[in-house]
Amino acid sequence: MKPMIVLLALAFTTGGALAATETKEPSEAQKAQQEKMKACNAEAGEKALKGDERKQFMSSCLGAKPAKATQQEKMKACNGEAGSKQLKGDERKKFMSECLKASPA
């Protein structure tokens with residue numbers, strides 16, 4: 001009976017050790033958050049912020065959302081691209097419609 005207990009205990013501890021050594025690749029969102037954290041941390045270091053001042057800065061920096069392109073900026077970019085492709089008529093209208101609906105580059 002004791003050898004069976006020892007084998008079960010060994011199986012569980014070995015399985016746990018294997019699971020602990022496997023590393024999971026971070027998701028794209030996690031990678032983006034890590035990069036944002038590095039950038040905010042570097043900026044706080046450059047500004048020599050300490051204590052509550054640093055906490056407040058990090059909170060606002062990490063909570064900041066990337067600026068979205070305004071409709072006017074999108075229109076200008078799409079119009080320029082349509083011009084460089086020398087699109088005319090219905091082809092240009094279709095391109096402009098798709099371009100303006102697309103996410104900003």
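Me: A contact here means heavy atoms within 4.5 Å. Among contacts in the chain between residues at least 6 apart in sequence, what share joins residues at least 24 apart?
Reply: This is a predicted model. The contacts counted are those between residues at least 6 apart in sequence. Of these, the share that joins residues at least 24 apart is 28%.

Me: Which elements make up the chain, in order from the N terminus?
Reply: The chain has five helices and zero strands. Read from the N terminus on, the order of elements is α-α-α-α-α.

Me: What percentage of the residues in the chain is buried?
Reply: A residue counts as buried when its relative accessible area is under 20%. The chain has 105 residues, and the buried part of them is 13%.

Me: How much of the accessible surface of the chain belongs to carbon and sulfur atoms?
Reply: The accessible surface comes to about 9100 Å² in total. The part that belongs to carbon and sulfur atoms is 60%.

Me: What does helix α2 reach from its first C-alpha to its last?
Reply: Helix α2 covers residues 28-46, which is 19 residues. At 1.5 Å a residue, a span of 27 Å is expected. The model comes close to that, with a reach of 27 Å.

Me: Which residue just after α2 takes a positive phi?
Reply: The helix itself runs over residues 28-46. Just after α2, a positive phi of about 55° is found at alanine 48.

Me: Which residues are linked with Lys31 in a network of salt bridges?
Reply: Lysine 31 forms a salt bridge with glutamate 25, with the closest N and O atoms 3.5 Å apart. Lysine 31 also forms a salt bridge with glutamate 28, where the closest N and O atoms are 3.7 Å apart. Lysine 31 and glutamate 28 both lie in helix α2, three residues apart, or about one turn of the helix. The residues linked with Lys31 in the network are therefore Glu25 and Glu28.

Me: Is glutamate 28 buried or exposed?
Reply: The cut-off for exposed is over 50% relative accessible area. Glutamate 28 has 62% relative accessibility, so this residue counts as exposed.

Me: Where does lysine 31 fall by relative accessibility?
Reply: Values between the buried limit of 20% and the exposed limit of 50% count as partly exposed. Lysine 31 stands at 31%, so the class is partly exposed.

Me: Which residue meets glutamate 43 in a salt bridge?
Reply: The whole structure holds five salt bridges. The N to O distance is 3.3 Å, and the partner is lysine 47.

Note on methods. Residues are numbered from 1 along each chain as its sequence is written. This is a predicted model: local features need pLDDT of at least 70, side-chain atom pairs count only at pLDDT 80 or more; totals for chains, interfaces and linings use all residues. Side-chain values use heavy atoms; hydrogens and water are left out. Helices (H or I, at least four residues) and strands (E, at least two) are DSSP runs, numbered from the N terminus. The expected span of a helix is 1.5 Å times one less than its number of residues. A salt bridge is a side-chain nitrogen of Lys or Arg within 4 Å of a carboxyl oxygen of Asp or Glu. Buried means under 20% relative accessible area, exposed over 50%, partly exposed in between (1.4 Å probe, protein chains only). Accessible areas come from the Shrake-Rupley method with a 1.4 Å probe; for residues, only the protein chains shown count as cover.
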